[in-house]
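I opened the notebook for a new model today.

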Amino acid sequence: MFFRFAADGTLLFHLAFILFVVCGGALAALWRWAPLVHLPAVAWAVFVELTGRICPLTYLENHLRIRAGQSGYAQGFVEHYLVAVIYPSGLTRDIQFIIAVGVVVINLTIYGWIALRWPTRH
């Protein structure tokens, strides 16, 4: 039972991490320290997408699911949980590149907007 809950918790953390990567730049409007946490997360996510690697959280979730007597899955989190909904035909390298570019563009837009709103010090 513990391993199943731990696997589900890892899954929820993974989803929260993905949402943080995509939208976390908006937190910089509230807290000036947020980019110190957010930008490394974005860099990691872009690295994973561009290199076609599988996030370590996926490996952890699979390990916990197997320990719980469930089956793991071979592909990454995005492919397993989201691609069937967003991209029914399957995730390709081209789609991974588009996702990475999308993450960068969304965050550049958010940080650009925040930079324009921050008062300049004289």
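Which residues does Val103 touch, leaving out those up to four places away in sequence? I looked this up first, keeping in mind that the model is predicted. Val103 touches Val21, Val22, Val42 and Val46.

**Entry: cores.** I then listed the largest nonpolar core. Its seven residues are Val21, Ala41, Val42, Ala45, Val46, Ala100 and Val103. Helices α2 (34–51) and α5 (93–117) each supply at least two residues of this core. The largest share, four residues, comes from α2.

**Entry: overall fold.** I counted five helices and zero strands in the protein chain. Along the sequence, the pattern reads α-α-α-α-α. The chain has 122 residues, and 32% of them count as buried. I also checked contacts between residues at least 6 apart in sequence: 64% of these join residues at least 24 apart. The chain exposes about 8,000 Å², with carbon and sulfur atoms supplying 72% of that area.

**Entry: helix α2.** I checked the length of α2 next. Its 18 residues should span 26 Å at 1.5 Å a residue, and the end C-alpha atoms are 26 Å apart, so the two values agree. I listed the buried residues of α2 as Ala34, Pro35, His38, Ala41, Val42, Ala45, Val46, Val48 and Glu49. These residues cover an arc of only 160° around the axis, so they sit on the same side of α2. Just after α2, I noted Gly52 with a positive phi of about 70°.

**Entry: salt bridges.** How many salt bridges does a search of the whole structure find? I got two. In one, Arg65 pairs with Asp8, and the closest N and O atoms are 2.8 Å apart. Arg65 lies in helix α3 (residues 56–67) and Asp8 in helix α1 (residues 2–23), so this pair ties together parts that are 57 residues apart in sequence. Arg65 counts as buried because its relative accessibility is 9%. Asp8 is partly exposed, with a relative accessible area of 25%.

A salt bridge also joins the side chains of Glu61 and Arg65, at 2.9 Å from N to O. Both residues lie in α3, four residues apart, about one turn of the helix. Is Glu61 buried or exposed? Glu61 is buried, at 0% relative accessible area. Through shared partners, the salt bridges join Asp8, Glu61 and Arg65 into one network.

Notes: Residues numbered from 1 in each chain as written. Predicted model: local features only at pLDDT ≥ 70, side-chain atom pairs only at ≥ 80, totals over all residues. Heavy atoms only, no water. Core = buried A, V, L, I, M, F, W, Y, C linked by side-chain atoms within 4.5 Å. Buried < 20%, exposed > 50% of the residue type's maximum accessible area, 1.4 Å probe, protein only. Contact = heavy atoms within 4.5 Å. Areas by Shrake-Rupley, 256 points an atom, 1.4 Å probe, with all protein chains shown as cover. Expected span 1.5 Å × (residues − 1). Arc of directions from axis to C-beta. Salt bridge = Lys/Arg side-chain N within 4 Å of Asp/Glu carboxyl O.
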